[in-house]
Amino acid sequence: MLTTLLIMVLAPGQVELPAARPVPRMQVIPQPDGQASIERDGHQISRYWFGPELRRPFLFPLIGPSGKSLTRMGHPRDPNGHSHHNSVWVTHHDVGGVAFWNDAPSSKGRIVHQRVVRYEDADDEALIEIVNGWHETLTPALSQGERGRLLLEEHRAMRFQPQAGGQWLLVLDLTFSAPKEPVTLGKTNFGMIGVRMAKTIGVHDGGGTIRNSAGGVNEAGVHEKPARWVDYSGPITPSAREGITLLDHPLNPNHPNVFHVRDDGWMGAALTFAAPLTIEPARPLKLRYGLWVHAGVPKPEAIEAQFAEFAKLGDPPIPKTK
């Protein structure tokens, strides 16, 4: 057995501290105003926004190996009509007849943060676990404390796992429960997850490319096609090419999912593209998606290797005892 002896030499006047636990490589740092920063080795890689004034929580930025965000807020040519394009977000166009997808006055749905279940720090992953309420509202903007009719309760776990070379994987676990009566997710290509890529990565506005697991390329070959994954990669600095692969877990309903993907820098997994899906009170809906934040434009074989590891993942770890 190899034993490492650590000797600390203290400068004059310093006080020796008691033995301490190592500082975790991955940390969740709570911030003011309903935010939590996710850090790797002291540097932010993402931030979760869940303040009471929001129509829905979201993640921004998603920092790639170059130090730049690979996602953006809003459509590059329609910031008002697509104000709901908040980097990476979870929502659905039709929840029991109530629209949650966009910010239009006709969309009465609002995803309200209820509580933080836990923040966990570790070398191999940082974890955020929260509970949200999906509410039908009577006014577009609710004051803090208002809720409206509860349609769904969402339990969300986000695992941020570091990889070599500044790459990392986000594992998103979602559990939806209908509290009192069945709730049907309507047939649509909007929901459950959306990703708005940085402008320079888009095919139309930048120099990017889209590929899927079936060999399709760009919107013409990928849009509304079933796939295990879709990758959106392109330039993020004059010298760096990076991207995000959106992974659909094999245990998700309708896998391989249909993806809604556009050359303008948008991609999402369309859970109910083919048919509605009803959530019964005693049978919660469980979903798992992955977002691989990577360097370069990986070959399909490299993405398939990532997908194979993602497919093996189990549920988030059990909470640690105090």
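How many residues lie between E16 and E17 in their hairpin, and which residue in the turn has a positive phi? There are 3 residues between the two strands. Gly-265 is the turn residue with the positive phi, at about 105 degrees. The model is predicted.

**Strand E16 and its neighbours**

- E16 pairs with strand E17 (residues 266-270) in the antiparallel sense. That pairing runs over 5 bridges.

**The open sheet**

- An open sheet holds 8 strands with antiparallel pairing. Their order is E6-E7-E8-E9-E19-E15-E14-E12.
- E6 and strand E12 (209-212) are the edge strands, each pairing on one side only.
- From one strand to the next, the twist averages 20 degrees.
- Inside the sheet, strand E8 (residues 149-162) and strand E9 (residues 168-177) pair over 10 bridges in the antiparallel sense.
- Opposite Arg-156 stands Leu-174, in E9.

**The helix across the sheet**

- Helix H2 takes in residues 300-311.
- H2 lies across E9, E12, strand E14 (229-235), strand E15 (241-248) and strand E19 (285-295).
- Relative to E19, H2 runs at about 140 degrees.

**Salt bridges**

- The count comes to 15 salt bridges.
- Glu-129 and Arg-118 form one of them, with the closest N and O atoms 2.4 Å apart. This pair links distant parts of the chain, 11 residues apart: Glu-129 sits in strand E7 (residues 126-136), and Arg-118 sits in strand E6 (residues 109-120). Both Glu-129 and Arg-118 are buried.
- Glu-219 forms a salt bridge with Arg-262, where the closest N and O atoms are 2.8 Å apart. Glu-219 belongs to helix H1 (residues 218-222) and Arg-262 to strand E16, so the contact ties together parts 43 residues apart in sequence.
- Glu-219 counts as partly exposed because its relative accessibility is 22%. Arg-262 is also partly exposed, at 30% relative accessibility.
- Lys-312 and Glu-309 meet through their side chains in a salt bridge, at 3.3 Å from N to O.
- Lys-312 counts as exposed because its relative accessibility is 62%, and the cut-off for exposed is over 50%. Glu-309, at 48% relative accessibility, counts as partly exposed.
- A network of salt bridges links Arg-159, Asp-173, Arg-288 and Asp-315.

Definitions and conventions. Residues are numbered from 1 along each chain as its sequence is written. This is a predicted model: local features need pLDDT of at least 70, side-chain atom pairs count only at pLDDT 80 or more; totals for chains, interfaces and linings use all residues. Side-chain values use heavy atoms; hydrogens and water are left out. Two strands pair if DSSP finds at least two bridges between them. Helices (H or I, at least four residues) and strands (E, at least two) are DSSP runs, numbered from the N terminus. A salt bridge is a side-chain nitrogen of Lys or Arg within 4 Å of a carboxyl oxygen of Asp or Glu. Buried means under 20% relative accessible area, exposed over 50%, partly exposed in between (1.4 Å probe, protein chains only). Axes are lines fitted to C-alpha atoms, for helices over the stretch in contact, and angles run from 0 to 180 degrees between N-to-C directions. Contact means heavy atoms within 4.5 Å.
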